[in-house]
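Please report on the selected local features of this structure.

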Amino acid sequence: MKGSSVKQGGSATGRRAFLAGVTAVGAAATTRAFAQAASSVPPPPEGGKGYRTASEQVADLAARRVSAVELLDQAIARIEVLDKHINAVVVRDFERARRAAIAADQALARGERRPLLGLPMTVKESYNIADLPTTWGIPAFKDWRPTEDAVVVERLKAAGAVIMGKTNVPVALADWQTTNPIYGTTNNPYDIERTPGGSSGGSAASLAAGYVSLEAGSDIGGSLRTPAHYCGVFAHKPTYGVLPRRGQNFPRQPALPSAGDGLAVVGPMARSAQDIALAFDVMAGPDELREGVGWRLVLPRPRHRVLRDFRVLVIDTHPLCPTAEVIRTALAQLADRLGKEGATVARQSSLLPDLAEATRNYMRLLGPIMTQGRPPEYYERMRSIAATLGPDNQSLDAILVRSANAGWRDWEAASNGRTRLQSQWATLFKQWDVVLCPVMPTVAFKHDHGEPSARRLDVDGKSQPYNSNIVWAGLATGGQLPATVAPIGRTDTGLPIGVQIIGPYLEDTTTIQFAQLLEMAFGGFVPPVL
């Protein structure tokens, strides 16, 4: 295919989010750790510093300290050296990217300025890009290529981004690991024996390995947040409906404007919270073919600009699954630091919704979505299994089995349950500005590609159902709330630990700004040793 290769195996300001105050805070100097790139990889400009942020690279481009072609060449060289071990960038579009970079340099020379002009980046394989494969890791779609870009890709390109390829995903985007029969397995840059997460695992790995500084992923069960936690980067799961999903849909399905399924979102990933704000501003806004006909997005300003003004509720215990001690310890240390900064911090609140019921209700909504499109015999099998389950069995696995054949009344009951929970969250956020909680029950675990029904989750030596991975992700998704993930620590063996920052409905700027303030006060991304 001209202008692209596939690796086998292995927009208008009126629609943008109003982010005044968020990017201003992020413009302050932030202390970061830099890693020297592998000797065979051409070093980035300015003394060989690696892992420059998107904001820094855009500033360098505008000041003509580096060209878009040079940045692209550095990214390609790093991918060609390192990705044989990581396997993150599985669809490569380097020829078209070079043409786009040349055009960006010409625009910069004319004095043109756009938010991402000349910045190389990758996006998740599930996004449609014209003439590139979109497979979702499913062999039946191996040769399918859409004819137009997803809306988010259009907006990134309009902002000047140079899209150089697509990153790996699990089959049907349905795992917390990233492997599929088409492209193989993606490894975690911090430990190649471990998963980078899923389903945006290739996206997080691409960032952590230093290939690019900005990525676009998606999330319904933690697919943005889990990889960010496992790979030590930032991600933002937006309020439901704030970013358009058209063109990030199942392969061969028409990319039509839609209200969506009530859970799934798309969002940015980066190595700095300031870059999350930058990308969010570019990506956000209603679909021009649907709500955008009559609506414009103007989000509330961040609630506060300094940590000491924030009211923070910290929770680390979920009734349906234990959380690893190393994660609870990191969260406790963060709470202590916030208290010393002057923030109001509490570890419990009577206003917090019932976490068990919130998670179970989320699973009732998720199940019909995740089990759609199966052959008839699948639903018969699920019906037979459900008949063997007692009514008192309210485990997440049991709910998932029952929901495969859920009827309208079942779904409507779950939808009403969501509305009640949303009201409870709204009441809580009158007293608290953000809720901090784990992203996942554990840090990145070792690859396990056995039968899903046989997989188990190990939490401090205690075996848990594999689907228990979803308990912390479901709170924000089920409530359609914004949630930003920021790195806050490392284990003794160097594995990243992140925190999930949940905020009020449509107050995405508050969680993003809080992540920026954490990064400025306590540090952020720490590169792996590659």
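Thr 167 counts as buried because its relative accessibility is 0%; buried means under 20% relative accessible area, exposed over 50% and partly exposed in between, with a 1.4 Å probe and protein chains only. The model is predicted: local features need pLDDT of at least 70, side-chain atom pairs count only at pLDDT 80 or more, and totals for chains, interfaces and linings use all residues. Residues are numbered from 1 along each chain as its sequence is written, and side-chain values use heavy atoms, without hydrogens and water.

Thr 167 lies in strand β4, residues 162-167. Helices (H or I, at least four residues) and strands (E, at least two) are DSSP runs, numbered from the N terminus. The Thr 167 side chain makes a polar contact with the side chain of Glu 215 at 2.9 Å. Such a contact is a pair of N or O atoms within 3.5 Å; within protein, one must be able to donate a hydrogen and the other to accept it, and residues adjacent in sequence count only if both atoms are side-chain atoms. Leaving out residues up to four places away in sequence, Thr 167 touches several residues, among them Val 89, Thr 122, Lys 124 and Ser 203. Contact means heavy atoms within 4.5 Å.

**Aromatic rings**

The structure holds ten aromatic pairs. Rings of Phe, Tyr and Trp (its six-membered ring) pair if their centres lie within 6.5 Å; planes under 30 degrees apart count as stacked, over 60 as edge-to-face and the rest as tilted. Two of the pairs are tabulated here.

| Pair | Centre to centre | Angle between planes | Class |
|---|---|---|---|
| Trp 176 and Tyr 466 | 5.5 Å | 65° | edge-to-face |
| Trp 425 and Phe 429 | 6.0 Å | 20° | stacked |

Ring pairs join Trp 176, Tyr 230, Phe 445 and Tyr 466 into a cluster. Trp 425 and Phe 429 both lie in helix α13 (residues 408-431), four residues apart, about one turn of the helix. Trp 425 is buried at 2%, Phe 429 at 3%.

**Helix α11**

Helix α11 (residues 376-387) has twelve residues. Tyr 378, Tyr 379 and Met 382 are buried in α11. They line one face of the helix, because the buried residues fall within an arc of 95° seen down the axis; the arc is that of the directions from the helix axis to the C-beta atoms. On the other side, Pro 376, Glu 377 and Ala 387 are exposed.

Key
The expected span of a helix is 1.5 Å times one less than its number of residues.
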